[in-house]
Amino acid sequence: LPTGALRMRGSASSLRRPEVGVDWREVWGWVVMARPQLAEDMGTDEHVRVTSQKKPGFLDRLGETTAGMLVGLAAFLLSFYLLFTNEGRCVRTQKSLDEGLSLVVHLNDIYSPTPLNDGKLVHLIGPLMTTQPLYDPNYGISLHVVKLQRRAEMYQWVEYGDSRDYEENGEKKTETRYSYNAEWKSEVVNSRNFDREIGHKNPSSMAVESFTVVASAVNLGNFYLSKGLIEKIQNFKKMPLSKFEAPHADITVLDDYFYHSRNPRSPEVGDVRVSFHYAGLSGQWSFLGPPYTVTVVARQQTNTLGAYATRAGNHLEILYEEQLSATEVFEREHAANSTLTWALRIAGWLLMFVGLKLMVRILHTLVDWLPIVRDLVSLGLTVFALCVATSLSLLTVAVGWVFYRPLVALFLTLLALLPVLMAKVRDRPKTL
C-alpha cells in the first residue's frame with residue numbers, strides 16, 4: 001500500500017476521529033494498479049484436468065478401512081455424549097423457562113426504575129435509545145443505531161471445480177472441470193491456489209476493509225442494556241445511499257454502493273464497492289424511520305438490565321426486536337429450545353450411524369472382490385447400522401428424561417427395544 005493511502009480498519013477509535021485526512025487519489029491509484037485484467041476480457045472460461053493413480057490393492061484398502069474404524073469409534077462415542085448432554089440441556093432450559101414465566105414482572109413505566117424490583121426478572125417494552133451516533137467519516141455516514149457495519153467487496157476471479165471419478169486401464173482417474181468467473185467477494189480470493197492462475201490473478205489485499213462498530217451505551221427508557229442483550233440485536237438492514245454524495249470525484253454512488261471503479265456497470269478485477277448496514281435503529285425519527293421497539297426479559301439491577309440466574313442453572317437474558325407479551329416471549333423460547341433439541345438429536349443419530357458404518361466397513365472390504373456378495377453385505381451392514389443407531393439413540397434420549405418425564409422415558413425405551421423384541425418373536429420355534 002503506498003504511503004498515505006487509506007487502510008480502513010474496524011477499530012472504534014479510528015471511527016471517532018473525523019479529522020483524519022484521507023488521500024483518495026492514492027487510494028484510487030492503488031485500486032488502479034491492482035487491476036490485472038479488464039472487464040471485457042473476463043468472460044467465463046474453463047479447462048479440464050485429468051489425474052490418475054494406481055488402483056489400491058487389497059492391503060491398501062484394508063489399511064484405509066482400519067483407519068476408518070478408529071475414526072468411526074471416535075464418532076460413535078462422541079454421539080453418546082452429544083445426545084445425552086443435549087437432553088440435559090433441553091431439560092434445564094425447559095425448567096428455567098417455566099420458572100421465568102412464573103416469576104416475571106411486567107414493567108409499565110420504563111423511565112422510572114423501582115428499587116423494589118431489584119434482582120427480579122422483569123419484562124418491558126420500549127424504543128431503543130443511543131446517546132451518540134456511530135459514523136464513518138471517510139464516507140460521511142452518521143447514524144443513531146446500535147450497530148453500524150461497513151461491508152467492502154472486491155471484484156475477483158473465482159474458481160469452480162466439478163470432478164468425477166472413473167476407472168480406465170486398471171487405474172483410478174479423476175476428471176476435474178475447472179471454470180473461472182469474476183464476482184464480487186467480501187474476502188480476498190487467493191488466486192495462487194487456482195489450478196491455472198495465468199489470466200486469473202487477483203490482488204493480494206483490499207484497499208478498503210470491512211468493520212462493525214457497536215454503540216457503547218444503549219438504553220431502553222432509563223434502563224441500560226447489558227452487553228449480552230446488545231449482542232442479540234443482529235437484524236441488519238442495508239442502508240439506502242440515495243441521500244448521500246460520493247466523498248471523492250473518483251467514487252460513484254450506484255444502487256446503494258460506493259464504487260471505487262471507473263465504470264461500476266462494467267467492473268474490472270481489483271475494483272472495490274462499499275455498502276453500509278445497520279441494526280437497532282435508535283434515537284429520534286430519521287430518514288430511515290422511527291426507532292425500533294424491542295421486548296426485553298432480563299434481571300433488573302438498579303437501572304441496568306442483565307442476565308437472570310435460574311434455579312435450574314441457566315441464565316435468562318432475552319431480547320426480541322418486536323413488541324411481545326411475556327407469555328409470547330417464553331412461548332418463542334420454548335419453540336427455539338425444541339428446534340435446537342431436535343437438530344442436535346438428528347446430528348447425534350447421524351454421527352452414530354456414520355460411526356457404525358465406518359466400524360463395520362472392514363467386513364465389506366473383505367468381500368469387495370465378489371460383486372454380488374459385496375452388494376448384499378453392504379446392504380446388510382447399512383440396515384444393521386441404521387437399526388442399532390436408532391435403538392441406541394432412543395435409549396440415550398430416554399435416560400435423559402427418566403427423572404423429568406418418566407413416562408416419556410419408558411415409551412422411548414420400548415421403541416428402542418422394539419427391533420430386538422421383533423427379532424425374538426420371529427426366531428421363536430413353531431409348536432405343533
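A salt bridge here is a side-chain nitrogen of Lys or Arg within 4 Å of a carboxyl oxygen of Asp or Glu. The model is predicted.

Q: How far apart are the closest N and O atoms of Arg345 and Glu87?
A: The cut-off for a salt bridge is 4 Å between side-chain nitrogen and carboxyl oxygen. Arg345 and Glu87 form such a bridge. Their closest N and O atoms are separated by 2.8 Å.

Q: Which helices does the pair Arg345 and Glu87 link?
A: The two residues are 258 positions apart, so the pair joins distant parts of the chain, by the run numbering of DSSP elements. Arg345 sits in helix H5. Glu87 sits in helix H3. The helices are H5 and H3.

Q: Are Arg345 and Glu87 buried or exposed?
A: Buried means under 20% relative accessible area, and exposed means over 50%. Both Arg345 and Glu87 fall in one class. That class is buried.

Q: How many salt bridges does the structure hold?
A: The bridge between Arg345 and Glu87 is a salt bridge of this model. Arg177 and Glu46 also meet in one. The total for the structure is ten.

Q: Which strands hold Arg177 and Glu46?
A: The side chains of Arg177 and Glu46 meet at 3.3 Å, N to O. The pair is 131 residues apart and links distant parts of the chain. Arg177 is in strand S7, and Glu46 is in strand S1 (residues 45-54).

Q: What distance separates the C-alpha atoms of Arg177 and Gly161?
A: Arg177 is found in strand S7, residues 171-185. Gly161 is 16 residues away along the chain. Their C-alpha atoms are separated by 5.6 Å.

Q: Which strand holds Arg164, the partner of Glu175?
A: The side chains of Arg164 and Glu175 meet in a salt bridge of 3.3 Å, N to O. Glu175 lies in strand S7, eleven residues from Arg164. Arg164 is partly exposed, with a relative accessible area of 45%. Its strand is S6 (residues 145-168).

Q: Which residues are closest to the centre of the second largest pocket?
A: The second largest pocket has a volume of about 320 Å³. It is lined by 17 residues. The closest to its centre are Trp342, Arg345, Val397, Trp401 and Leu412.

Q: Which helix gives the most to the lining of the second largest pocket?
A: H3, H5 (326-359), H7 (371-400) and H8 (406-427) each supply at least two lining residues. The lining divides into ten nonpolar, five polar and two charged residues. The top contributor, with six residues, is H5.

Q: What is the area of the nonpolar surface patch made by Phe84, Val399 and Val402?
A: Phe84 lies in helix H3, residues 58-103. Patch residues need over 30% relative accessible area. Phe84 has 44% and counts as partly exposed. The patch covers about 260 Å².

Q: Why does Arg262 count as exposed?
A: Arg262 is in the loop between strand S13 (257-260) and strand S14 (272-281). The cut-off for exposed is over 50%. Arg262 counts as exposed because its relative accessibility is 55%.

Terms used:
Residues are numbered from 1 along each chain as its sequence is written. This is a predicted model: local features need pLDDT of at least 70, side-chain atom pairs count only at pLDDT 80 or more; totals for chains, interfaces and linings use all residues. Side-chain values use heavy atoms; hydrogens and water are left out. Patches are made of residues with over 30% relative accessible area and no salt bridge: like charges are joined within 9 Å, nonpolar side chains (Val, Leu, Ile, Met, Phe, Trp, Tyr) within 5 Å. Accessible areas come from the Shrake-Rupley method with a 1.4 Å probe; for residues, only the protein chains shown count as cover. Helices (H or I, at least four residues) and strands (E, at least two) are DSSP runs, numbered from the N terminus. Buried means under 20% relative accessible area, exposed over 50%, partly exposed in between (1.4 Å probe, protein chains only). On a 1 Å grid over the protein atoms alone, a cavity is a set of points where a 1.4 Å probe fits but cannot get out, and a pocket is an open set with protein on both sides within 12 Å along at least five of seven lines; lining residues have an atom within 4 Å of a point. Grid points are joined across faces, edges and corners, and a volume is the space filled by probe spheres set on the points. Ala, Val, Leu, Ile, Met, Phe, Trp, Tyr, Cys and Pro count as nonpolar, Asp, Glu, Lys and Arg as charged, and the others, Gly among them, as polar.
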